[in-house]
Amino acid sequence: MTNLSDINGVDGATYSEADLTAFPASMNEAELLSFLKVSMEYAADEVFWVTSDSRILYVNKAACKKLGYSREELIGMRLWHWDPCFSQQRWPAFWQQLQKNKHIDFETQHQHKTGTYFPVRVRGHLIEQGGNAFLLAFVSDISDIKAREHALQDSSDKVKVLLEQERQKFAEFVNLAPVGIAINYLEDGRFDYINAEFSRFTGYSVDELNQMDYWQLTPKKYAEQEAKQLADMADSGSYGPYQKEYIHKLGHTYPVLLSGVLITDASGHDFIWSIVQDISKQKEVEEQLRAAKEKADVSAFRMQLANDSAGIGVWEWDLLSNALVWDDWMYKLYGISEEAFSGAYEAWENSVHPDDITSAKTLLESAIAGTGYYDTEFRVVHPDGQIRTMKATAEVIRNEQNQAVKVIGVNYDITEKVNAMKTMAKAKQAAENAVKAKSDFLANMSHEIRTPMNAILGGLQLLHQAKLEPDLKVILDNAAFSAQSLLTIINDILDYSKIESNQLTLEQVPFSLLDVLDSVKYDLDSLVSRKGIDLLVTIDESFADGWLGDLVRVKQVLLNLVSNAVKFTDQGCVKVIVSCIEHNRQQALCIDVIDSGIGMSPEAQQRIFERFSQADSSTTRKYGGTGLGMSITLSLVKLMNGALELTSQAGKGTQIKVVLPLAQTALKSNAQQSESLSPPDMKGRHILVAEDNKINQMLIKAFLKGTQATLTIVENGKLAVEAAICTEFDLILMDIHMPEMDGNEAQRQIHARNPGIPVIALTANVMTEDVKGYLAQGFVAHVGKPIDMNSLYQVLARF
């Protein structure tokens, strides 16, 4: 049996007999041991005696109850059979450690017989006796303690999460605040925290500021003020607001406004929490306000000077009191004195012209209602009966509820301007009437000239088919050339009139430039042959045919240039070179016309594009012409956004380059009609001709003789309609200007009765708008007078 004197305490100390004086002195050792045994047996904690080889030597009732085993089951059982912390492999090291330390105190888990675990605290002591060693262990169930710890830990974790969330919210709020926020240590001014705005206006990054102190941002001149602020904060716990300057990272200073509080944290450290505002903008505004205030009187004086110089009157109408206030200029504009002015809105109404007051009031009322603007003109009647015209504008002033409370406006006299505009309008109308009269005159003259020219050119064309003596044929050729020149002059005058009045429009249709060149060569063939020169056309390798533009005007430009070159060239040749180039970053058509003719001096080149002008008077006498051709050509080129370049030297010839920025397009494959004077075979066809001029009747009859068609000729549109009713015709040639009924009305009536009969306009009206009008009305084609036999035959061949 173990002696009590041999028992060591849990703390490693050895108990002596003197240490056991707390037990009753009357108890002997046997009684005391029995008492202790009973105490252990009924102790609340588990009690174990364990041998050095981990066998259980003794357990009390509490251990059996906690582990679910009977005492018999536990006695002799090894610890690792029910204690997961004591494996067979770990026990030797555990026992060695126990022998060294003499006592144990740790937490672990025990396993109930049913397999469940529960936490325990194990406290024990090594007891040695007679060469044997035992472990006396006291085991406490700490399930309740652990449950409370877990609950406390859960609460602590939740508090930490909430605190972290609030901390993050606060940090985010502070960092996004539109003012600078800084936290400094009171003892030395070091920065503990700064937000993004503070970093922005100081120019330093957050990391840089965290290595700095407060005094590095403060100019030395503020040392005394800083000391006062710190003293105030020590007394009251806060400082500011007060203004000073900061030193920016770039070196310049700028104004700031500061305020803050003294905060002591849990560890006893003192911090200064400061709110800092960069007030540079406010200072600028204050300076602007100060400067504006200083200039207010000057500006008002200047405004009055401006009003006086411009004669502008200013008025103000209080909508709540109906009071109307005028400045001095308003009285002058309305011709009344300040004494005679009632100061009410009705005073203005009574001054406005009766015919204008309704519209003026309506506009003003709509502006007050917020549905319109007041910007108008009206007449006022002075007391002496004089009428003046006013320009008036106004702005409506509204309160916070968006209610109109006041109207401020200006008036100024525009009578002279209105009168001038009326005069200009009359002049413009007169000019337009003059232009129309000129256009009508030119169109009428063109018609009147073309009618006899039709007989002349038609007769000359017929004579060309006759066999004449050589000298007579020369005379005939000269007559035909002269007549054609006269026709060219008429066309030039008409084109000049259109260009001058901006009435010339360009069509956009696909065309072949090669076909245009062939047509120009055909038109000039007789002139080139008579002069004995060569007309050469060269197609550059870069050229690709197929263009989008006004075929008629492109041919007119080319014909003018080439015919001029032929006209002024007596020896050598005229060359036409066509190519494709780039002009203003787009594809363009380039035409060079080069001749070896008489050329031009620099002075003549300056005048060549002027209207009604030629190189010199001798040129006009020798070669003829109106001087309009080159002017019209240049105008047409400009209308097509092109360019024209002239190079010439007297006695050596001329080169003219024309660049037309036309778009390229694909051409439809159409068979070209033959350029032949042979009349089409119309045998068995019945043609109605409506023509009031006897000479033209004879000429048309002669032209159509070769067609072998049956002809019926009538003198006016009325007879044409009657003839179309009585007789079935295959084709109708209709003059326009005829007595009784013109050709337009006749065509309409014939078409209404028999829409299948083709009617061709045969007229001296060759203006583009006239031709378009005829085709739009229902004429199937147009043949202009003087009639070109070849053109007539080509049209007839289509029907």
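## Helices H16 and H19

In this predicted model, helix H16 (residues 551-567) and helix H19 (residues 629-639) have axes that come within 10 Å and cross at roughly 145 degrees. Axes are lines fitted to C-alpha atoms, for helices over the stretch in contact, and angles run from 0 to 180 degrees between N-to-C directions. Helices (H or I, at least four residues) and strands (E, at least two) are DSSP runs, numbered from the N terminus. The crossing of H16 and H19 is left-handed, a term used if the near helix is turned anticlockwise from the far one by less than a right angle.

On the H16 side, the contact (heavy atoms within 4.5 Å) is made by Arg-553, Gln-556, Val-557, Asn-560, Leu-561 and Asn-564. H19 contributes Gly-629, Met-630, Ile-632, Thr-633, Leu-636 and Val-637. These residues divide into six nonpolar, five polar and one charged. Here Ala, Val, Leu, Ile, Met, Phe, Trp, Tyr, Cys and Pro count as nonpolar, Asp, Glu, Lys and Arg as charged, and the others, Gly among them, as polar.

## A five-stranded sheet

Five strands form an open sheet in the order S12-S11-S15-S14-S13, with antiparallel pairing. Two strands pair if DSSP finds at least two bridges between them. Strand S12 (324-326) and strand S13 (374-381) each have a single partner strand, so one side of each is left without a neighbour in the sheet. From one strand to the next, the twist averages 25 degrees.

Eight bridges join S13 to strand S14 (residues 387-398) in the antiparallel sense. Within this pairing, Arg-388 in S14 is the bridge partner of Val-380. Helix H12 (residues 357-369) packs on the sheet and touches strand S11 (312-318), S13, S14 and strand S15 (404-413). The direction of H12 makes about 150 degrees with that of S13.

## The hairpin of S6 and S7

Strand S6 (residues 180-185) and strand S7 (residues 191-194) run antiparallel and are joined by three bridges. Ala-182 stands opposite Ile-194 in S7. The hairpin has five residues between the strands, and Gly-189 takes a positive phi near 80 degrees.

## Aromatic pairs

Rings of Phe, Tyr and Trp (its six-membered ring) pair if their centres lie within 6.5 Å; planes under 30 degrees apart count as stacked, over 60 as edge-to-face and the rest as tilted. By this rule the count comes to 20 aromatic pairs. For Phe-94 and Phe-106, the ring centres are 6.4 Å apart and the planes stand at 80 degrees, so the pair is edge-to-face. Phe-94 lies in helix H4 (residues 91-101) and Phe-106 in strand S3 (residues 103-111), so the pair ties together parts twelve residues apart in sequence. Phe-94 is buried at 11% relative accessibility, while Phe-106 is partly exposed at 23%. Buried means under 20% relative accessible area, exposed over 50%, partly exposed in between (1.4 Å probe, protein chains only).

Tyr-345 and Trp-348 form a tilted pair, with 5.6 Å centre to centre and 40 degrees between the planes. Being three residues apart in helix H11 (residues 345-351), they are separated by about one helical turn. Tyr-345 is buried at 10% relative accessibility, and Trp-348 is buried at 8%. Elsewhere, ring pairs link Phe-191, Phe-198, Phe-201, Tyr-246 and Tyr-254 into a cluster.

## The whole chain

The chain comes to 24 helices and 28 strands. Of its 799 residues, 38% count as buried. Among contacts between residues at least 6 apart in sequence, 56% join residues at least 24 apart.

## Basis of the values

Residues are numbered from 1 along each chain as its sequence is written, and side-chain values use heavy atoms, with hydrogens and water left out. Because the model is predicted, local features need pLDDT of at least 70 and side-chain atom pairs count only at pLDDT 80 or more, while totals for chains, interfaces and linings use all residues.
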